[in-house]
Each structure stands twice: as C-alpha cells, then as structure tokens.
Amino acid sequence: MGEPRRLLKVLVLQGRHLAVRDFRTSDPYVIVKLGNQTAKTRVINSCLNPVWNEELTFSVTEPLGILKLEVFDKDRFKADDKMGHAYVDLQAIASAARLKQVLQASVGETKIRKVVPSKENCLVKESFVRYAEGEIVQDVCLRLSDVETGDIELKIKWVDGASTAAVATAKTL
C-alpha cells in the first residue's frame with residue numbers, strides 16, 4: 001500500500017473560437033504540463049469550438065508552480081501547427097488547500113479566494129477558488145497567447161490523500 005499523496009486533477013472542458021489552421025477549420029488538442037509531467041487530450045477533428053471534457057491527473061510537489069497549456073492543430077503529413085498557449089499560477093489553489101481541514105466543518109460552497117484578470121495571467125474573467133463538496137476547486141477561462149483568437153476552459157481540483165497506487169495520467173518526460 002502506497003503513502004498518501006496529493007494530486008492535481010485538471011478537467012480540460014472546452015475551447016472556444018480557436019484559430020483556423022487548416023482550410024476552414026482545425027483539429028485541436030491540448031498538451032498540459034506541470035513541472036516535468038505532461039498529459040494530452042484527444043484530437044477533436046474539424047472543430048473550432050471543441051468539447052473535450054477530459055480529466056488529466058498530475059502528482060503535486062511543493063513548491064507548486066505554473067500549469068502550462070499548449071494548443072495544437074493535428075496535421076497528418078507535417079508538423080502539428082501551434083494554436084496558442086496559456087498558463088495558470090497554482091499558488092491560489094495550493095494556499096486554499098492548506099485551509100481544507102478548517103473548511104471541512106463548513107456546509108455547502110465556500111469561496112476562498114478571487115483571482116482577477118491582469119497582465120500577469122491569462123484569465124479571461126475573474127476566477128474563484130472554492131471549497132465545495134469536500135474538494136478545493138477552481139474554474140478558469142484562459143485566453144490563448146501568440147494567436148489571433150481562442151480561449152480554453154478548465155476546472156482544476158486539488159485532491160489530498162490519494163494512494164500512490166492510483167494511476168496518474170500524466171507522463172514524466
């Protein structure tokens with residue numbers, strides 16, 4: 001039986017208004033990186049507003065840094081095209097996770113911290129770190145950088161006490 005460890009679950013929900021990289025559409029997928037761990041969504045063919053609803057799981061180590069996302073257009077006979085990138089600073093959710101034992105006495109949903117869009121982040125709109133149903137969760141909508149258009153929506157969950165026997169979907173490079 002393994003020791004308890006912390007996990008970060010990243011639910012890649014959807015992309016909106018992604019850039020055209022093929023004739024009139026794109027075949028997007030997302031690569032998510034945390035430290036030396038990398039995970040990837042499936043490719044959604046011929047879609048500028050893809051819905052992935054895919055959960056990617058990462059092992060958490062301190063200090064927790066930046067969650068990086070890169071969006072690509074899958075190409076068959078040449079290198080995949082870049083469709084933008086974004087990042088999320090995980091310090092807000094990490095600091096909220098430290099309060100979890102105190103919050104377990106609360107009922108319903110508790111907003112812990114508000115993160116507002118700024119030059120230092122990729123947020124499209126304000127985001128709340130909250131405690132709900134025993135979990136620390138943050139919903140984020142990120143504007144993609146270095147591209148003409150595109151947003152990515154994520155739900156990030158902090159999970160304590162998972163067994164090391166749990167299978168993580170992120171791979172170490």
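**Exercise 1.** With which residue does R16 form a salt bridge, and how far apart are the closest N and O atoms?

*Solution.* Before starting, note that this is a predicted model, where local features need pLDDT of at least 70, side-chain atom pairs count only at pLDDT 80 or more, and totals for chains, interfaces and linings use all residues. Residues are numbered from 1 along each chain as its sequence is written, and side-chain values use heavy atoms, with hydrogens and water left out.

Step 1: recall the rule, a side-chain nitrogen of Lys or Arg within 4 Å of a carboxyl oxygen of Asp or Glu.
Step 2: apply the rule to R16; the partner is E153, with the closest N and O atoms 2.3 Å apart.
Step 3: Strands here are DSSP runs (E, at least two residues), numbered from the N terminus.

**Exercise 2.** Is E153 buried or exposed?

*Solution.* 
Step 1: take the cut-offs: buried means under 20% relative accessible area, exposed over 50%, partly exposed in between (1.4 Å probe, protein chains only).
Step 2: E153 has 17% relative accessibility and so counts as buried.

**Exercise 3.** Which residue forms a salt bridge with K157?

*Solution.* 
Step 1: the partner is E135, and the closest N and O atoms are 3.7 Å apart.
Step 2: K157 sits in strand β10 and E135 in strand β9 (residues 135–143), 22 residues apart.
Step 3: K157 is partly exposed at 21%, and E135 is partly exposed at 29%.

How values were computed:
Helix = DSSP H or I, 4+ residues; strand = E, 2+ residues; numbered from the N terminus.
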